[in-house]
Amino acid sequence: MEDIILKPVWTNHEAITMKNLSKYRNIGIFAHVDAGKTTTTERILSLTGKIHRIGEVHDGEATTDFMDQERERGITIQSAAVSTFWEDHRLNIIDTPGHVDFTIEVYRSLKVLDGGVGVFCGSGGVEPQSETNWRYANDSEVARIVFVNKLDRVGADFFRVVEQIKTLLGAKPLVLTLPIGIEDGFTGVVDILTRKAWVWDGSGDPENYHLEEVPENMADQVEAYRQELVEMALEHDDDAMEQYLEGAEPDLDTLKACIRKGTISLDFFPTLCGSAFKNKGVQLVLNAIVDYLPNPMEVQPQAEVDLEGNETGEMAVVDVRKPFRALAFKIMDDRYGALTFLRVYSGRIDKGSTVLNTATGKTERIGRIVEMHADSRAELNTAQAGDIVAVLGMKNVKTGNTLCDPNHPASLEPMVFPDPVISMAVSPKDKSASEKMGVALGKMVSEDPSFHVTTDQDSGETILMGMGELHLDIKVDLLRRTHGVAVEVGKPQVAYRETITRRVEDIYIHKKQTGGAGQFGRIDYVIEPGEKGSGYVFESKVTGGNVPREYWPAVDKGFRNCMEVGVLAGYPCIDVKVILLDGAYHAVDSSAVAFELAARAAYRQSMIKADPQLLEPIMKVDVFTPEEHVGDVIGDLNRRRGMIKAQEAGPTGVRIKGDLPLADMFGYIGDLRTITSGRGQFSMEFSHYMPCPKTVAEMVIREVLARNAA
């Protein structure tokens, strides 16, 4: 790739060699579990010459699945970064997990990527995790192409998947290739733009293909899709559209330029098809990545924010001549030490240079810079705008932190991570394990923002909190095998919440006299149910100075801290609003501490009067079952207090969608496999909190009280 020499701006170097960013593609590959993301990545690495032997997921040998747990289970658990080249373009690729418990990996990868490849199974279609990942990509405004994979499988139907993309995702697919044959008869694809058929032989070698004319029985279909493609594409070029309406056929370069514009503006999504496992159609995906996905300079620049998280109006423009800005999007601890993955937005860094972490206000030294290829690496001396690299030597950097030039401080828009919905108690088997466990958990928390660790104040137990049973199962496995910590594990617990159902207006006076200056603070307040999803809200309506303004934050702090422990069973309180109406203070005895203590006591006094209620997490569940077992599966879901919302018949079975309480979903995969003779599958993700039925709430409260008493 050609480089450009620039005059120095803020560095001390004689000149800056700027990489040609128009030849860069920072992309992610994402999909539902088992749709073929990792296999597609493996084929891309093979075709681009990055690897010389293809590793299969089912054999536990995929390049990007390098953790022991990934190889054993045949799933991707953490995102892996690789860099390779295609047609003199540099591709920085991140292969992301598909399982719902690890969506945090997809979310934080999409935050730093410029484009994506959504992989969909030709028979499974748009599956639950596909919808979640698509939503994340929409939120991050990431341009995407679509690859409908596994067209060699029984039940595969390219056109059904295209229709699902329209109806389930609300997206507009732009079909670029059509399949030749289907299932066992799938031999290749037709490139609609060039009207050429790519046909592979049966050897399985991706290079063993030849170009043919469009099969006669597909000619009318290809022309119909091409007309639709041309009309959609030319909406982005008024002159070309006008000429087209006058009868002039647009040339290939004009069409590609229009498709690129529409893809980058998210107006439509180029859609291709093939079979990665059978090595058919992957070259066209690579061509589409280069032709249609944006380079780092073509995407909306990252917004800069101040330390309070408010947008400043400034943007981190992708330019090596600007001050250094980078986002730490992943922390990984491996045998060489802690790796911090960075997406560099502007400026450059050199090995040994110093950067500012705006989250901590402290500087960090860049020890080494490496380019990652899954779990292997190549040393670099420098990184600059557009690069995705890993650095060693960071001590206090967390996911979502901004690193910048110390002379030009600024923060990028931070990442927001979901709260865990499931917990599990772990305890070390001996004293030596106890010391190792603390260090290991510290590393694991810094790597995974959706994984939390806390200590139960009453029992002293260590509580692990995560996004699902598999998530915590993997964490315990990592503790035991990767970190060598012998632990005993308790049963998974549900992350309940508490709220109130009635408005209470009350008064509390905090008065304490012990000789000398005492403590005094009176507050008149209202505690009432808040808006759904609001968490905790504080508002002051005090007028006239009866409670001086400088004491309002202390009242807020007192109530806010108490909301962490509910009055029913000690679970955090949500959706509660506190209004400070009036009060009184003493010129000598009042202080911020006095008003904070008054708020704490007021919480204990009034929350029990406000009819507190226990809330349980409700999960959005999507179950696949063969048609003959539908009745048994629905009956089982109803026994688990499920609310069935939809049934969708497909070529290979039925998908049942519903809302179910997490408490009744533990161990469900085993029961589902028993009911369906091993053919059923399901996925679930957190949806919302709902009030517990009275009998369930009473049982949960009794269990908590018994646990605390023990």
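The questions below ask how labels were assigned in this predicted model.

Residues are numbered from 1 along each chain as its sequence is written, and side-chain values use heavy atoms, without hydrogens or water. In this predicted model, local features need pLDDT of at least 70 and side-chain atom pairs count only at pLDDT 80 or more, while totals for chains, interfaces and linings use all residues.

Q: What makes Cys404 and Cys573 buried or exposed?
A: Buried means under 20% relative accessible area, exposed means over 50%, and partly exposed is in between (1.4 Å probe, protein chains only). Cys404 has 0% and is therefore buried. Cys573 has 7%, so Cys573 is buried too.

Q: Which class does Glu183 fall in, and where does Glu183 lie?
A: Its relative accessible area is 29%, so Glu183 is partly exposed. Glu183 lies in the loop between strand 9 and strand 10 (188-191); strands (E, at least two residues) and helices (H or I, at least four) are DSSP runs, numbered from the N terminus. Glu183 has a positive phi of about 55° although it is not a glycine.

Q: Why is Asp575 called buried?
A: Its relative accessible area is 12%, so Asp575 is classed as buried. Asp575 is in the loop between helix 12 and strand 35, and has a positive phi of about 55° without being a glycine.

Q: How is Tyr571 classed, buried or exposed?
A: Tyr571 has 14% relative accessibility, so the residue counts as buried. Tyr571 is found in the loop between helix 12 (552-562) and strand 35 (576-584). Its C-alpha atom is 7.9 Å from that of Ala495, 76 residues apart along the chain.

Q: What makes a space a cavity, and how many cavities of 30 Å³ or more are there?
A: On a 1 Å grid over the protein atoms alone, a cavity is a set of points where a 1.4 Å probe fits but cannot get out. The count comes to two cavities of 30 Å³ or more. About 70 Å³ of space lies in the largest cavity, a volume being the space filled by probe spheres set on the points.

Q: Which residues line the largest cavity?
A: Lining residues have an atom within 4 Å of a point. Among them are Val82, Ile93, Phe341 and Met372. Strand 4 (80-86), strand 5 (89-95) and strand 24 (388-392) each supply at least two lining residues. By class, the lining has nine nonpolar, two polar and no charged residues.

Q: Why are strand 9 and strand 12 said to stand at the edges?
A: Two strands pair if DSSP finds at least two bridges between them. Four strands form an open antiparallel sheet in the order 9-10-11-12. Strand 9 (177-180) and strand 12 (209-213) each have a single partner strand, so one side of each is left without a neighbour in the sheet. Five bridges join strand 11 (residues 196-200) to strand 12, and Val199 has His210 as its bridge partner in strand 12.

Q: How do strand 32 and strand 33 pair?
A: Nine bridges join strand 32 to strand 33 (residues 519-529), and the two run antiparallel. His510 has Gly521 in strand 33 as its bridge partner.

Definitions and conventions
On a 1 Å grid over the protein atoms alone, a cavity is a set of points where a 1.4 Å probe fits but cannot get out, and a pocket is an open set with protein on both sides within 12 Å along at least five of seven lines; lining residues have an atom within 4 Å of a point. Ala, Val, Leu, Ile, Met, Phe, Trp, Tyr, Cys and Pro count as nonpolar, Asp, Glu, Lys and Arg as charged, and the others, Gly among them, as polar.
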